[in-house]
Each structure stands twice: as structure tokens, then as C-alpha cells.
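User: I'd like to go through this model with you, a bit at a time. Could you start with the loops, then move on to the pocket and the core?

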Amino acid sequence: MPKDATCVEVSKLHCTVLEAMGHNVICADFIEWSERTNNRYDAICMNPPFSEGRAEQHLQAAAELLTSTGRLTAILPLGMKNRPEMKGFHYEWSDPIENAFEGTGVTVIMLKLTRTA
């Protein structure tokens, strides 16, 4: 991740680690922050929380923060691959990724999302 990346993180511990690595850190709930910010981004990389449908909520919020030619890469629960796609975006899905996170049994998928309109 580039040093000048802006990171939005809710965990104070993770904020401290990211700051120590030299990143610009906003210690906040992403959904709340996304509703307040006027910033738009050419690129977003995310690993949202998976429980209680929050991954989909985070993906939709992040997509709204893209510029007209922006792209987003996200690690998502495998089950999101079958969800309806948002209009105005091109979707590119990876193959399922199993056992990528130590101590979990979750299978994930990577999405590359590019704004088309």
C-alpha cells in the first residue's frame, strides 16, 4: 500500500499500527465517515467486515466514493458473488480463495470493480 494512502479504520489499535507505518489514517466507522466526506478517489482497496451484511453495505458506500473513472478492489465473502450487481460498474471476480486467513474457515473472493458510467 502506498505511503500516501488514506486508511479509514475503526480499530484504534489498527489505526496506531497504520500511523506507525506512515499512512494517513482516519480513525472512524467507515459507513459513518463515507456519509460525511466529500472526498472522491481514483482507487479504493478494502477488506470490509463480513458479518451481518456489512460487506455489502461497505462495498456500496465505497463505490459511491469513486471518481468517474475510479476502480475498487475488495476482499469479500464468497456468497457476495451471486448478489445483484450495481449499475454503472464492470465486475471482475477472482476464483474462490480458501484458507487465506489463519484461524478462520471462511472462503473469500476478490472483486475488481470499475466505474463505467
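**Loop, pocket and core**

Analyst: Glutamate 52 is found in the loop between β3 and α3, where strands (E, at least two residues) and helices (H or I, at least four) are DSSP runs numbered from the N terminus. This is a predicted model, in which local features need pLDDT of at least 70 and side-chain atom pairs count only at pLDDT 80 or more, while totals for chains, interfaces and linings use all residues. Residues are numbered from 1 along each chain as its sequence is written, and side-chain values use heavy atoms, with hydrogens and water left out.

User: What is the phi of glutamate 52 near?

Analyst: Phi is near 55° there, a positive value in a residue other than glycine. Most residues other than glycine have a negative phi.

User: And is glutamate 52 buried or exposed?

Analyst: Glutamate 52 is exposed, at 77% relative accessible area; buried means under 20%, exposed over 50% and partly exposed in between, with a 1.4 Å probe and protein chains only.

User: On to the pocket: how much space lies in the largest one?

Analyst: About 1100 Å³, the volume being the space filled by probe spheres set on grid points that are joined across faces, edges and corners. Its lining has 30 residues, and Cys7, Val8, Cys45, Met46 and Asn47 are the closest to the centre. A pocket here is an open set of points on a 1 Å grid over the protein atoms alone, where a 1.4 Å probe fits, with protein on both sides within 12 Å along at least five of seven lines, and lining residues have an atom within 4 Å of a point.

User: Which element gives the most to that lining?

Analyst: β3 does, with 5 residues.

User: Last topic, then: which residues have the most contacts inside the largest nonpolar core?

Analyst: Leu59, Leu72, Leu76 and Leu113, in a core of 24 residues, defined as buried Ala, Val, Leu, Ile, Met, Phe, Trp, Tyr and Cys residues joined through side-chain atoms within 4.5 Å. The largest share of this core, 5 residues, is from α3.
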